[in-house]
Amino acid sequence: RYGILEARISLDGTSAHFFCAMPFDTEHAEKLFHAFRFAFLIHAQQKGFFALHSASIFYREKAWLFCAPSGVGKSTHTELWRRLYYSRILNGDLNLVGFSNNQEPVVCGIPWCGTSGLYTTENIPLGGIVFLKQSGSDQVLTRTTEDAILHTIWRTISPSWTEEMLRLTIASAEKLSKAVPFFHLQCT
């Protein structure tokens, strides 16, 4: 429908082939850009990075991620941080998380940001992850390691098409759960 006739991506992320119909215009380019995302995410996963459905801010020299399903308030929450604490919004919808060469947790800037249009290409140390839930009152709870791992996997959009891909995602979530704090914010 959008000019992409077929896409072939190797499971290890080392090759991808896209077959497009002509004429090729701006609308086709945008759809192809999103098709590339799958190949990129597979390759990133092989390198120990995974994409987390989250909005992020820069606060106290670190990236802080706010994770929740669509419509819960990630964008609203990051906008409040921007307005009240002058925090810069790093990405409005999707963050690539992993570990730097010196094994520090980092958020790597990527251009996929949902409808917000807000993203960065910087790599920034990760401060922590907050899972949002709408509630009638405001309360912050710390997450157990097991709960942090499970919630991280739920919000991950990196492919889990094979058992090996799922294992890579789980291993990354386990490693991350030992490296940064995880919180559950029930908020109005």
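Colleague: In which loop is the place of Y86?

Modeller: This is a predicted model, and in it phi of Y86 is near 60 degrees, a positive value in a residue other than glycine. Most residues other than glycine have a negative phi. Y86 is exposed, with a relative accessible area of 73%, and its place is in the loop between α2 (74–85) and β5 (88–91).

Colleague: E61 also has a positive phi in a residue other than glycine; is E61 buried or exposed?

Modeller: Phi of E61 is near 70 degrees, and the residue sits in the loop between β3 and β4. Its relative accessible area is 59%, and since exposed stands for values over 50%, E61 is exposed.

Colleague: Which element gives the largest share of the largest nonpolar core?

Modeller: That core has 17 residues, and those with the most contacts inside it are L52, L65, V97, L126, I129, L176 and F182. Two or more residues come from each of β3 (50–59), β4 (62–67), β6 (94–99) and β8 (123–134). The largest share, 4 residues, is given by β8.

Colleague: How many residues are in the other core, which lies apart from it?

Modeller: Among the residues of that other core are L41, V106, C108 and W112. V106 is also in contact with V97, leaving aside the neighbours of V97 within four places in sequence, and V97 is one of the residues with the most contacts inside the largest core.

Colleague: Why is α3 called oblique to α4?

Modeller: Two packed helices are described by the angle between their axes and the distance between the axes. For α3 (residues 145–155) and α4 (residues 163–177), the axes come within 9 Å and cross at roughly 135 degrees, in a right-handed crossing. Because roughly antiparallel begins over 145 degrees and roughly perpendicular ends at 115, this angle makes α3 oblique to α4.

Colleague: How many residues of the contact of α3 with α4 are charged?

Modeller: On the α3 side are T145, A148, I149, T152 and I153, which meet T169, I170, A173, E174 and S177 in α4. These residues divide into 5 nonpolar and 4 polar, and the charged count is 1.

Colleague: Which elements do the buried residues of α3 pack against?

Modeller: The buried residues in α3 are A148, I149, H151, T152 and R155. They pack against β3, β4, β8, α4 and β10 (182–187).

Definitions and conventions:
Residues numbered from 1 in each chain as written. Predicted model: local features only at pLDDT ≥ 70, side-chain atom pairs only at ≥ 80, totals over all residues. Heavy atoms only, no water. Core = buried A, V, L, I, M, F, W, Y, C linked by side-chain atoms within 4.5 Å. Buried < 20%, exposed > 50% of the residue type's maximum accessible area, 1.4 Å probe, protein only. Contact = heavy atoms within 4.5 Å. Axes fitted to C-alpha atoms, helices over the stretch in contact; angles between N-to-C directions. Parallel < 35°, antiparallel > 145°, perpendicular 65-115°, else oblique. Left-handed = near helix turned anticlockwise from the far one by under 90°. Nonpolar A, V, L, I, M, F, W, Y, C, P; charged D, E, K, R; others polar.
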